[in-house]
Amino acid sequence: MKRAGFTTVSLPVFLLLPQLVIIAVFFYWPTVVALQSSFYLQDPFGFGSTFVGLQNYADLFTSREYHRIASFTVVFSVLVTFFSLAIALLLAVKADKILRGAKTYRTLLMWVYAVAPPVAGFIAVIMFNQSWGPLTQFFGMFNYTYLVGVNFNDTAFAMVLASVWKQVPVNFIFFLSGLQSIPRSVREAALIDNASAMGRFWDVTFPLLAPTGFFLLIINITYSLFDTFGIVDTVVKGEPGNNPMTLVYKVYVDGFRGNDLGGSSAQSVILMVLVLALTIFQFRLIDRRIHYT
Amino acid sequence: MSKTTLISVAASLALTTAATAQTEIELWHAMGGALGETVNQMVENFNASQGDVQLTPVFKGSYEETLTAGIAAFRAGEQPNIMQVFDAGAATVIGAEGATIPVQTLLSENGVAFDIEDYISGVRYFYADSDGKMIGMPFNSSSPIMYYNVDALEAAGVSAPKTWEEFQETTAPALAKAGYIPLAQSHLPWIFTENFHSRHNLPFATNDNGYDGLDTKILVNNDAIKAHFTALSDWKENGLFEWYGTGWGDNQTPFEEGKVAIWLGSSGSFGGLAKKDLGFDFSATFMPYWEAVTTEPTQTFIGGAALFAMSGHSAEENAATAKFFEYLSSPETQVFWHKETGYVPITEAAYDMAKAQGYYNEQPAAEVGIQQLSLDAGDNTRGYRMGFYVQIRDVMNREYGRILTGETSVEDAFQNIETEANQLLARFAKTQG
């Protein structure tokens, strides 16, 4: 195939300019400002400030509470990612087999995708309402007093449940299209070789789904780390208290509630490094090992 | 261009100039729901009362959100003329000298008579600087008071407790026996920490509760409050107290539903409760105190929020702001606000007017807040001034929640609060450098 190319440098640069400007104004500039303010402790109104070097970072790394929140974030992300993927995969495999009413079934499953995270959180708040929530009453049947907003684990469970429920449809769509792109000939060959449906799934279907699966893995980790903000915020009702929270929510709590700009900037820089590591991981390790068809 | 178009352009120009002859100013506030409607009504009344100033109220969300929005706007040079800031944000806004015009200066520069002695004693100095100069105009001033279900107390054959000892030994067991949850409260840092200290006249922080300097240390790790929280968790275990989480409403609802007999809330909750059809009679009285700590209980801190005049506006707009403050502090406006919401009237004149109208004969519970704020003052009852206090409250809420869910001990919790609060105070001191 013949490679098309520009003969001069100026034209491509000119064509890229609008995009570059947008990236610079909305991404690089805020990043630089965040990095800079993470070395200062400054008056919120912008009057006084003191250069404190790495003090903001040191305070975070020695804070027992920050460690607790970081561990919770890891557990939360693992749970949300695992269950959103597992449930979606199960549903996709089942949906793939259905012939009659398949469209209705798929549409119904995808609906939830349109729900915004704060709304998903709000639905969880309603379902777990302390005095009349249906799920609270459900747990009450087993003599368990479910107290969202009071008990740490109960609140964490409500957050995980809402986050998984919200994410399953996205994964479902991807898994389903992944399944449908597996050639019929391969499946039929597998049918002859292996009689057990379970065995066929693990030996043939699952490896062929790997590109989709790894792509979704990264998407879901990012989702559980960042996009669950709205769910966390509505479930804790803006009052952190003794409730569980994620690292992103902590950035908001310290920066936007507490007006601690330096400490909050340091936390967002830490998160930026985390995202950078995830991105490198995705491109270096995963893209090399997975073969896209 | 046709003649008619020219005329209409000229006419619209004339209209624009007529409109700009009125000074337009903006107020950012955090009063949602019924309170927000009352604010809008008050502003409408103000706009109708004169022709020079047009005030626009803008609801900005919670207290925290309003403060953050105001700060962001200030940094962008887009600040409103007036911003409502709550008690916990006072150190932030007053610390940033130059962000606001002290209300005392604003009023006297614009020829409005100002005498701090006109204000009731409880509200005078909370939003003042260390020299006693008033910086923010007290707006929705409240104090935590004890609401009780009259029917429940009658059924149990008890009266409202004056002391926590009485509650523990007599009131609570009788209420529990009558099938009620005896006690709930809506804000542990405000009611059981800040006002616990002022009610018992205990120092809350060094440097005269933080007013006299930035190198302040919190004094919250003391035996009196630790004993109080030990009692609270015992009561919770024995069904004499219930905690429904950190949210305000989650703790108020069970009282409104008639499950909880005594609820500690804000004097500003009165208006809302009175408007609801509760299905039982309620009344209110002073916050109880521990006789073991003091036999001479003192007044509580003023809570709620104040209005701050933001700097960076023209002299004309500042004059308009002063005009609104004058209107706001007039006895008529204060009585209207007091009756609609339950927030206390901020001046002696307004209090006298409400008394003269016989309002407290109809609604004795509405007077409790102002009476409690007018109790004997002590060395530690003027208020407190601590930076990053929103975060300090978050730390308290977190540790208190852990005490009440059995995740930590009272001793460890207060140790943590002291350590983390002092770290935050030291960090705040550096932001002012």
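In the predicted model, helix 10 of chain A (residues 229-236) has A:G230, A:I231, A:V232, A:V235 and A:V236 as its buried residues (buried, under 20% relative accessible area; exposed, over 50%; partly exposed, in between; 1.4 Å probe, protein chains only). Helices are DSSP runs of H or I of at least four residues, numbered from the N terminus. Helix 5 (117-127), helix 7 (152-180), helix 9 (197-227) and helix 11 (247-257) of chain A pack against these buried residues. Residues are numbered from 1 along each chain as its sequence is written. Local features need pLDDT of at least 70, and side-chain atom pairs count only at pLDDT 80 or more.

In chain B, the loop between helix 18 (368-373) and helix 19 (389-404) holds B:R385. B:R385 is buried but forms no salt bridge (a side-chain nitrogen of Lys or Arg within 4 Å of a carboxyl oxygen of Asp or Glu). The nearest side chain of opposite charge, B:D129, lies 7.2 Å away. The B:R385 side chain instead reaches the backbone oxygen of B:F126 at 2.6 Å. Beyond neighbours within four places in sequence, the contacts of B:R385 (heavy atoms within 4.5 Å) include B:A90, B:I94, B:Y127, B:D129, B:N209 and B:Y211.

A:I22 is located in helix 1 (residues 10-37) of chain A and, because its relative accessibility is 45%, counts as partly exposed. A:I22 belongs to a nonpolar surface patch whose members, among them A:L16, A:F26 and A:W29, together have about 1,200 Å² of accessible area. Such patches comprise residues with over 30% relative accessible area and no salt bridge, nonpolar side chains (Val, Leu, Ile, Met, Phe, Trp, Tyr) being joined within 5 Å and like charges within 9 Å; accessible areas come from the Shrake-Rupley method with a 1.4 Å probe.

Conventions: Chains lettered and ligands numbered in written order. Heavy atoms only, no water. Helix = DSSP H or I, 4+ residues; strand = E, 2+ residues; numbered from the N terminus. Lys, Arg positive; Asp, Glu negative; His and termini not counted. Polar contact = N/O pair within 3.5 Å; in protein donor to acceptor, adjacent residues only side chain to side chain.
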